[in-house]
There are 4 protein chains.
Amino acid sequence: MARYDFASDNVAGAMPEALDALVRFNGGFEGGYGGDAVSVRAAELIRGLLDADAEVRFVASGTAANALALAALAAPHEGVLCHDHAHIATDENGAPGFFGSGLALLTLPGPSGRIAPQGVVEALARPDEPHWPSPAALSLTQATEYGAVYSGQDLERLAGPARAAGLGLHLDGARLANAVAAGFDPKSLARMGFDIVVLGGTKAGASPTEALVLLNPRLARRFGARLKHGGQLISKARFLAAPWVGMLESGAWTQRAAHANAMARRLADLMPFPLTHPVEANAVFVAMDEARLEALKARGWFVYRFIDGSVRFMCSWATRVESVEALGADLAAIA
Amino acid sequence: MARYDFASDNVAGAMPEALDALVRFNGGFEGGYGGDAVSVRAAELIRGLLDADAEVRFVASGTAANALALAALAAPHEGVLCHDHAHIATDENGAPGFFGSGLALLTLPGPSGRIAPQGVVEALARPDEPHWPSPAALSLTQATEYGAVYSGQDLERLAGPARAAGLGLHLDGARLANAVAAGFDPKSLARMGFDIVVLGGTKAGASPTEALVLLNPRLARRFGARLKHGGQLISKARFLAAPWVGMLESGAWTQRAAHANAMARRLADLMPFPLTHPVEANAVFVAMDEARLEALKARGWFVYRFIDGSVRFMCSWATRVESVEALGADLAAIA
Amino acid sequence: MARYDFASDNVAGAMPEALDALVRFNGGFEGGYGGDAVSVRAAELIRGLLDADAEVRFVASGTAANALALAALAAPHEGVLCHDHAHIATDENGAPGFFGSGLALLTLPGPSGRIAPQGVVEALARPDEPHWPSPAALSLTQATEYGAVYSGQDLERLAGPARAAGLGLHLDGARLANAVAAGFDPKSLARMGFDIVVLGGTKAGASPTEALVLLNPRLARRFGARLKHGGQLISKARFLAAPWVGMLESGAWTQRAAHANAMARRLADLMPFPLTHPVEANAVFVAMDEARLEALKARGWFVYRFIDGSVRFMCSWATRVESVEALGADLAAIA
Amino acid sequence: MARYDFASDNVAGAMPEALDALVRFNGGFEGGYGGDAVSVRAAELIRGLLDADAEVRFVASGTAANALALAALAAPHEGVLCHDHAHIATDENGAPGFFGSGLALLTLPGPSGRIAPQGVVEALARPDEPHWPSPAALSLTQATEYGAVYSGQDLERLAGPARAAGLGLHLDGARLANAVAAGFDPKSLARMGFDIVVLGGTKAGASPTEALVLLNPRLARRFGARLKHGGQLISKARFLAAPWVGMLESGAWTQRAAHANAMARRLADLMPFPLTHPVEANAVFVAMDEARLEALKARGWFVYRFIDGSVRFMCSWATRVESVEALGADLAAIA
């Protein structure tokens, strides 16, 4: 049977802190749709994490969270600047266009999933034309899809010109925990003027839950109605909120991301194939030909070839060092 | 503090069978998006329940499940026949129109949430006109929003003409467990030609999960892509599937619905206010003036006045007979 | 062969002033998409008519004009207040929901297509709830679908509370020419704070063209892009603008509407059937049983039974007094 | 004042045959929405042109025609294969995504706007994945955006594999008249299994009108309702149909396209700059640096730099040989 350990950071179950909270908060009757005590507590913890007086909502899908965020920032006839290989552009099957009624993704290049600043500058310099979409928002992913981490300065170099041009700012933080564990300060997001942060729970080690954090208070009006309309207002809201209470009260959200990052670092150290991207979070990308990838799969390890052609190994809260070492040995054997 | 016990059947947590399954299936690595062993097992159990070779998908929101179902059955310029007070028409904030790109709900009257057959016949007799939407599907709710249960014969009286006219058939089964507990045969749905059944997990006593059951195999093609595009493809799919395994393997899905129905029956027996709808499932609706409703709320019981003007009391798997009796005593005191 | 003279006010061709302008402005090369000299001149004339510094765009379809207007004023999860029998609600096949990504129409009663003020007040008093759409705009039709004309005071009684509550204001002016000919002051619309007026060309006697008049300057930004995205940015824009130049420079837009109104008045005077609505513009509605309607059709006159059950007779710029008298004689014969 | 003669083929007015028909069919009363005698006659002529028993509808915008066509062939979560520089992908501001509720355009390379067959083969070989859109249709442009003309054999090389894989086939025929004038047989489209052809009227020399030709009869059901819902059902339909009667009865649709092609050929012969694409229809594309383009504009000629970097000169039915020669002289002067 194939081993999925390194296939993604969503192949593991929930970390103990998240699961225990689900059980802990299961009893009793609670009003639904986000007004319950668990949701209120989880929102408080997230406001503390980001040091911001934000409206916080929980949804079950990161794709939906991102798509709803973009639809809140750009009109149907406008566009969102993002990286060529951003998850929203390559892995969400057009969800931004669906939730955004045809809004466009305007993709920009840059190494390891980080947008090169020049692309933003050029995009902002283009005059409005009715024949194609003008940018209304900038979407950044932290950590990036290639396991790189923007520094605060990196982010500001992109966010600053966008903000100055009146664009909205969206952060896809599916792996923000890993970036934070790598040293990124989550409190800097509000200061930089991000309007919406999607704070990743699932890949960090929760059961399915993502936090839609509306840092811009103007966006909060009737957002519950928007969620309902978009099929994302969950009646038993406590089940999406409880894992956050468990993960944030304990500090496990960051600590277990640090573990995932360390496992990736350990794997990189053992890796006999050339790295194609810096290992700054919980991913290791390498150059590997098809024969060797097949050989690896023949040894039971299921991993993906990514859109840039690299082979991707993801670590998570559940990755055991023994697995890393076993994988390392197999990699060495086929290299 | 307000007691929400009777406010809805979604104010309780998850039943033990559902929660235990979440914990039981949490360990180990699993591929995501519905290909995992837990999802496969849950789908098998649902096929057994409905005696049909259906494609089964799990989503976190009943609103989304219904909206995706309707969008699969009607084009944007077509309509869906449903009851005037169907949940899809009155409580989902336009989600069918959003997922269906502007599709219309064509509402029909009938007592206690059951559509009167004459309305369907008349709607089907109207000629197509480009200026307004023609019906392409019929949506029925079982048990209804008013706690009534269609008999098999009732359903067929509505489904038959619709099917004969080429319409698709959708069942909103948010409370199908309660209907089954009341004697309705779930195996009859496939035989009657229903295309899609939304099988309710949440209100039956799960953590958030609904099963989208595609009885019509033609609809299954690329449905995973449709879910992704609609923000409803959950990576850690086991968390939506596990409660189903727990509830169906044990029989608790039906048994606990029978308990909820019995609690409603018991409450009806104690009820000093006139019933406005038959008590056939887990709801009790009564006529109560505003002063008495306020008096009831003053005693701590939070319940809703429904759109027909009745006051609604919902029972669930978690309703205790002591609570019913305490409520009954308070009702008697204010009557 | 059936005579369509009274079937609608869109069964006639274009009035001479409109057609001549099409021919007159056909020569030479012009940039497209609304920047041409003809479009610029037509926009100026409309700004003069409404005494407002508005952005003016021309589209070929009133349905699209209305739907784009509503989508500019209400978010997908919000609603638009309108009359139960407003054209947008009953005759546009869900176009507002399509352009507005599922936005809701919240319909209100009132005699002869005029909304009763109490309905607006009640709708505005309802608290926001995520489960159903809150009103974000008010849409009024002038003259109404039943040929009634709001006085300025009538309009303000509806617009005032809506404006005070922060709603956007939309006027469906498909038959504004008839209202103006009946004494309504078009310059009052900007003063009352209407955000968008759809100024009717087609029914007034143009070839297909409607003016989307954005009185609220905030809405003008990137509106050309919105039109393109919605399939409503016409390259050879002069063909939509020229009729307006012809109709407004000559005064024919109002004068020929006055003729249509007079023809309706004349028909009302001859009418042997009871009027069901006041005859204030170019429509005559009467109570007529099915046998008599069939008898009328047997004499060659094609007219519609409207959604309120009345039979509708519409007059237009092209209605000849001889036709009215011939129809009157036939009506007398069958009465 | 700038001369727009060569800026596009939509900068001219309507050809005499089209304009005369508008005037000729203006009189009398006609039922609307496409049931009128003029629409019926125009549809017959188009069926004759294409030798196919098709449903024919007229809309005012090519963008809308294309977008509605694609939405009829691909579901919201599917994609449409088209050229990297197809008009639908680069010049319609996301309209396909709007009308198609988020459908994706999957772009493919190829010289001069013609898709290289290998791209189609590769796209069809990819397995379905829920994370990104699978192709459901192939869209081809004839003549291409670069003035190239596919031979029947060229088209079949692309259409054949797509058809075999079950994809729908769409032809953007905004400039089909020019392709026909260049020798392409329009009767071959139905034989090749095209489902929808958008037959260009505007650029061919009509007032705004495009014919949506549904060659696949399955697509015709309730298409009028689809048009209404999409804001494209014009009440005074005769104004969109009349130009077609004028252009097709007289043969001018093809003959005047032949003139446009000849003017482009003549311009190419005079051209001192290197051609960047073959001159097979009514366009001339050349390599020209910015200084020379500015020099040309300084002499009054307004033309565009296209997305491939070439400078584009378009000819139309209205292009006069004297203008071509004057332009040629100016080009020679600045070269």
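I will start with conventions, then take the sheets, the interfaces and the backbone.

This is a predicted model, in which local features need pLDDT of at least 70 and side-chain atom pairs count only at pLDDT 80 or more, while totals for chains, interfaces and linings use all residues. Residues are numbered from 1 along each chain as its sequence is written, chains are lettered from A and ligands numbered from 1 in the order in which they are written, and side-chain values use heavy atoms, with hydrogens and water left out.

Chain A first. Its open sheet has seven strands, in the order β1-β7-β6-β5-β4-β2-β3, with mixed pairing. The edges are β1 (55-59) and β3 (104-108) of chain A; each has a single partner strand, so one side of each is left without a neighbour in the sheet. The twist from one strand to the next averages 20°. On terms: helices (H or I, at least four residues) and strands (E, at least two) are DSSP runs, numbered from the N terminus. Two strands pair if DSSP finds at least two bridges between them. Axes are lines fitted to C-alpha atoms, for helices over the stretch in contact, and angles run from 0 to 180 degrees between N-to-C directions.

Within that sheet, strand β5 (residues 168-173) and strand β6 (residues 196-200) of chain A run parallel and are joined by four bridges. One partner pair is A:Gly173 with A:Leu199 in β6(A). Helix α3 (residues 62-73) of chain A lies across β1, β2 (79-83), β3, β4 (135-141), β5, β6 and β7 (210-214) of chain A, and runs at about 175° to β5(A). Contact here means heavy atoms within 4.5 Å.

Now chain B. Its open sheet also has seven strands with mixed pairing, ordered β1-β7-β6-β5-β4-β2-β3. At the edges stand β1 (55-59) and β3 (104-108) of chain B, each with a single partner strand, so one side of each lacks a neighbour in the sheet. Neighbouring strands are turned by 25° against each other on average, direction ignored.

Strands β6 (residues 196-200) and β7 (residues 210-214) of chain B run antiparallel, with five bridges joining them. There, B:Val198 stands opposite B:Leu212 in β7(B). Helix α2 (residues 37-50) of chain B lies across β1, β6 and β7 of chain B, at about 120° to β1(B). Helix α3 (residues 62-73) of chain B lies across β1, β2 (78-83), β3, β4, β5 (168-173), β6 and β7 of chain B, at about 175° to β5(B).

Next, the interfaces. How much area is buried between chain A and chain C? About 1800 Å², of which carbon and sulfur atoms give 53%. Buried area is the accessible area (1.4 Å probe) that two parts lose on being put together, summed over both. This contact takes 21 residues from chain A and 21 residues from chain C. There are four salt bridges between chain A and chain C, a salt bridge being a side-chain nitrogen of Lys or Arg within 4 Å of a carboxyl oxygen of Asp or Glu. C:Asp128 forms a salt bridge with A:Arg222, and the closest N and O atoms are 3.1 Å apart. On the chain A side, β4 and α10 (223-229) each supply at least two residues. The most comes from α10(A), with five residues.

Between chain C and chain D, the buried area is about 4000 Å², with 61% from carbon and sulfur atoms. Chain C contributes 47 residues to the contact and chain D 48 residues. How many salt bridges cross the interface of chain C and chain D? The rule finds zero.

Last, the backbone. A cis peptide bond joins B:Gln142 and B:Ala143, with omega about -15°. B:Ala143 is in the loop between β4 (134-141) and α7 (152-164) of chain B. In chain D, a cis peptide bond joins D:Gln142 and D:Ala143, again with omega about -15°. A:Tyr33 has phi near 70°, a positive value in a residue other than glycine, and lies in the loop between α1 (16-24) and α2 (37-50) of chain A.
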